[in-house]
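Please consult the sequence and structure below alongside the text.

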Amino acid sequence: MSGWRRAFRLVRPSAEVDVGEEVHFHLESRTVDLEAQGMGREAARAQALEEFGDPQAFRRELVAIDRRMAARRRRSEQWYHAVQELRYAARRIARQPGFSVPALSTLVIGIGAAAALFTVLQQVVLAPLPYPDPDRLVRLRSAVPGVGNAHWGLAKAQFLYYERETRSFEALALYRIEQTPVGSGADARVAAVALTSSGMAPALGARMARGRALRPADGFDAAEPVVVLSHRTWRRDFEGSESILGRTLRVDGIARTVVGVLEPGVRLPEEFALPGDAAVELWVPLPLDPSEVPRNNHTYRALGRLQPHASLQAAHADLSRLSEALPSALPQAYTATFMRETGFSPALEPLRDALLGTLGRVLWILFGAALLVLLVACANVTNLFLARHEVRRHELTVRAALGAGRRSIALYLLGEAWLIALPAGALGLALAGAGLRVLVTMSPSDFPRAAEVHLGLSTVAAVFLFAMAAGTLLGLLPVWRIREGPAALADSGRGSPAPARAALRRALVVAQVALSLVLLAGAGLLLRSFRGLTAVPTGIDAREVLTFNVALPWGRYQAPAAFAEFYLRMLDRMRQVPGIQEAAVATALPMSGYDGCSLVVPHDAGLEPRGQPPCLPVIQVSEGYFRVMGIPLRGPPPARTPALRATVTVSEAFAHRFWPAQEPVGRRLGQGWRADPEQVTAVAGDVRLISPGSAPSEVVYFPIEPLQFYTPWLSPFIRVVLRAPGATVASHGPLIRQAVGELDSEVPVMDLQPMQAIVEASMTQERFAMSLLGLASAAALALSLLGLYGVISYLVSQRLLELSIRLALGARADAVGRLVLWQSFRLALTGIVLGLAATIGLTRLLQSQLFGVSPTDPLTLGGVAALLVVLTGAASWVPARRAMRTEPIRALRSS
Amino acid sequence: MSPHELDLLQGTLDVLVLRALSITPRHGYAVARFIRDRSDGKLRVLDGALYTALHRLEERGWLAAEWGRAETGKRAKFYRLTPTGRRALRAEADHWAEYVAAVARVLRAPPEPA
């Protein structure tokens, strides 16, 4: 117990003494009064006692009340003191902006970064998908390791076979989302429509608000055309009409009967990555007739719901077993050779992982980076607090010597630390909130649930707990060093720092430098990788190219010949638009992904006859395509021959794989073994269909004009490219829409954008990771340089006496400067060495995000280390100069 | 106990104590004497209960206490009414008057016709 309280306790009598005295006084006074009325002393005493009641019992009761009262009073006094301390602390902090502003802002940056990424990680990566039992949802694809393209979707026949035979799934769904013309006349527009098998609703656990779900029979060839509406569409386009069932809606030119309305909030997994207004509006039955001839065409998406206790492994084993039997189950579509060549097998992954792709990993890395920034910030703030405590050591020792207990001193220090940490938490949350909005706008377009990310209760709670803990630790840092008594007072006046404390501060700076190096190295690697990506020759000249998509209503354009005729007429019309030099169409564009493939047989390529030929992208293009895209072309472009056959073009990569070191022009290739081969008349420069990071694609280009003997599947959905120097979406959008509208008012112009935007969009995830990690490392670097500067300044001020004695004894000023610089370089170098070691361990996590750079790229690591050395020099320059300019006499006097 | 002494109703003691202290601060014995004298000894209160009331009212914040010197020069604990206590007295006194009036009305009511 501390001195003053002991003293106070002596002055204040205990409750028993108080009560005893009070009761005694009463009995005494009453006895005297009764005696005055003529009673005898004994009788008076007895009467007084009788009037009082049992003195023992009342005394006990009174003492109990007094004790309670005293305890309550003590508590309220403590509160009062605490509030008082906080008020003093606030005043002290406000008076010292040199301490409080850096401490506060450092923590705000650290907390803001960590809170923002914690929120994203929690809500995008960790939160379950909003379906009942989401862990049972699985995405199904076909793995084809034998083909360059790693995964395909599912084919209809394959799906029906799985659905019929598997015991591992409660429900399976085959689907595809398409932009489709909906409505007719003035109301015609394009909407996202899901073509789906009947298993979708049971698989997702979706229920109907009205009517019925899709049934297997809806997909049969002879079925009535039906449609199911999303709840939102029902509300928005039909005002939630109760008589909706049975009404008809034109979808893709076909009148469909509305048979049901989904419950609100039902979404396909793909919709999480779409902005709200691009949500799927209609579910239309996918044509899926068991009597259809099985085809080897793996272009559909599929998902499934596992049986309640089935594991992913068991389901995989089940489907693998079924897949191995495909050649006997569906011999028309799957041959043993095909299975062997492609390595065809089912690929299953949890739906959540499938939606996140590599983004989950990127977000974990970014969260780790944010935690490192927070660590650097904490180290920095700790250093600031240590310095402050150092300055006030004398004051605290005086307080302790005057009898202030550890508890009251702790309160004094804690008050200050909490007043920094808690507001920093609040401001950090505000920063995180603002940061999240920026994050969402710059996030990759396939970032699931991005629009829904918001600061949640758990983030707020985590930040609050962190701020409390940080404040407590920072405040209590010096308490264990406070000694009581006059001896402490005697030596606290001297300026020499406690050696342990100085060592702690140096260690903190070393840690900061090391952590900054890790972050800088990570950012540097991503930057180099990104520059590598952008430096990859795209094979096209995207500048001055505009592109858009058109979708033809299926109902009125049934035959591929009709498509082609429309396309060619449209191109003629486009060429008349002022500013457009050349126009062309293609079934797929570079850098925008490519689903599926066609069987291609290059002759004289040493392929086994009768085996399953390789499955490769076949793109149909109009004649001007290569000119518009700036793809170098050796030979005439693909065209229809007078015999209604085709001349085709292959890519360099294709030629290199199948006819290495031979002239490809003049060779022949067919689609499948049975088809008559076509003549290769030209070789086109390489392009990448997926992204700049992928390998050059092995592509065959066919003409868009219809051919006689077979017609490659021509889509009613096609991409148009225009070479129009100086044209922008704003300047040419209306002209283009008008031109297409004049040809057919039901054909919409979609996704009009510069080709450059598509190229850039293929790298958004890389750009996203790089920018955020760059931001994190810049913040960490700034913080650690501040910390270094602070510590060196402090060390110089501590050594000022010694340095001035050196100067007075004739040391040269530049030697003193070197001494100081060397001191800080030693710290920085230790940090750099430790940081490099950590970096080599940690950057391996980045491996999957890197393109063309090793995670231990010596150039990057060396460059980052050199940068830190230079910046260390800069940060220590000011303190070093101060040391050199010390006037010995002044330093000696002031100490 | 003489037949003319009245037992106190619950809570009444508090009002009496507050009333005693509303005139001037007093020590506990003076409060007891005040009640005995003003009621002509009609109200029967155990003095111990009176002290319990004093301490409770102090705990409640209606009274404040401090040690001082009695007329005889002896050390005694003096109680005085706090502003809260004064407001409470007003409220309790009103309440008490209403209570008394209500009981009186019932007692004076004419007999009902049978």
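Rings of Phe, Tyr and Trp (its six-membered ring) are taken to pair if their centres lie within 6.5 Å; planes under 30 degrees apart are stacked, those over 60 are edge-to-face, and the rest are tilted. By this rule, the count over all chains is 18 aromatic pairs. The model is predicted.

**Aromatic pairs and clusters**

- Trp364(A) and Phe367(A) form an edge-to-face pair, with 6.4 Å from centre to centre and 70° between the planes.
- These two residues, Trp364(A) and Phe367(A), are 3 residues apart in helix H13 (residues 359–391) of chain A, so about one helical turn separates them.
- Trp364(A) is partly exposed, at a relative accessible area of 44%, whereas Phe367(A) counts as buried at 13% relative accessibility.
- Tyr625(A) and Tyr701(A) make a tilted pair, 6.3 Å centre to centre with 40° between the planes.
- Because Tyr625(A) lies in helix H20 (residues 625–629) and Tyr701(A) in strand S23 (residues 700–703), both of chain A, this pair ties together parts that are 76 residues apart in sequence.
- Both Tyr625(A) and Tyr701(A) are buried.
- One aromatic cluster is formed by Trp152(A), Tyr334(A), Phe338(A) and Phe344(A).

**A charge over a ring**

- In chain B, the charged end of Arg60(B) sits over the ring of Trp62(B), at 4.6 Å from the ring centre.

- Strand S17 (residues 618–621) of chain A runs parallel to S23(A) and is joined to it by 4 bridges; Val618(A) stands opposite Val700(A) in S23(A).
- Strand S20 (residues 646–651) of chain A runs antiparallel to S23(A), with 2 bridges joining them; here Val650(A) stands opposite Val700(A).

**Cavities**

- The lining of the largest cavity consists of Leu526(A), Ser529(A), Phe530(A), Glu766(A), Ala769(A), Met770(A) and Gln849(A).
- Helix H18 (499–535) and helix H24 (764–808) of chain A are the elements that give two or more residues to the lining of the largest cavity.
- By class, the lining of the largest cavity comprises 4 nonpolar, 2 polar and 1 charged residues.

How values were computed
Residues are numbered from 1 along each chain as its sequence is written. Chains are lettered from A and ligands numbered from 1 in the order in which they are written. This is a predicted model: local features need pLDDT of at least 70, side-chain atom pairs count only at pLDDT 80 or more; totals for chains, interfaces and linings use all residues. Side-chain values use heavy atoms; hydrogens and water are left out. Buried means under 20% relative accessible area, exposed over 50%, partly exposed in between (1.4 Å probe, protein chains only). A charge sits over a ring if NZ of Lys or CZ of Arg is within 6 Å of the ring centre and within 35 degrees of the ring normal. Two strands pair if DSSP finds at least two bridges between them. On a 1 Å grid over the protein atoms alone, a cavity is a set of points where a 1.4 Å probe fits but cannot get out, and a pocket is an open set with protein on both sides within 12 Å along at least five of seven lines; lining residues have an atom within 4 Å of a point. Ala, Val, Leu, Ile, Met, Phe, Trp, Tyr, Cys and Pro count as nonpolar, Asp, Glu, Lys and Arg as charged, and the others, Gly among them, as polar.
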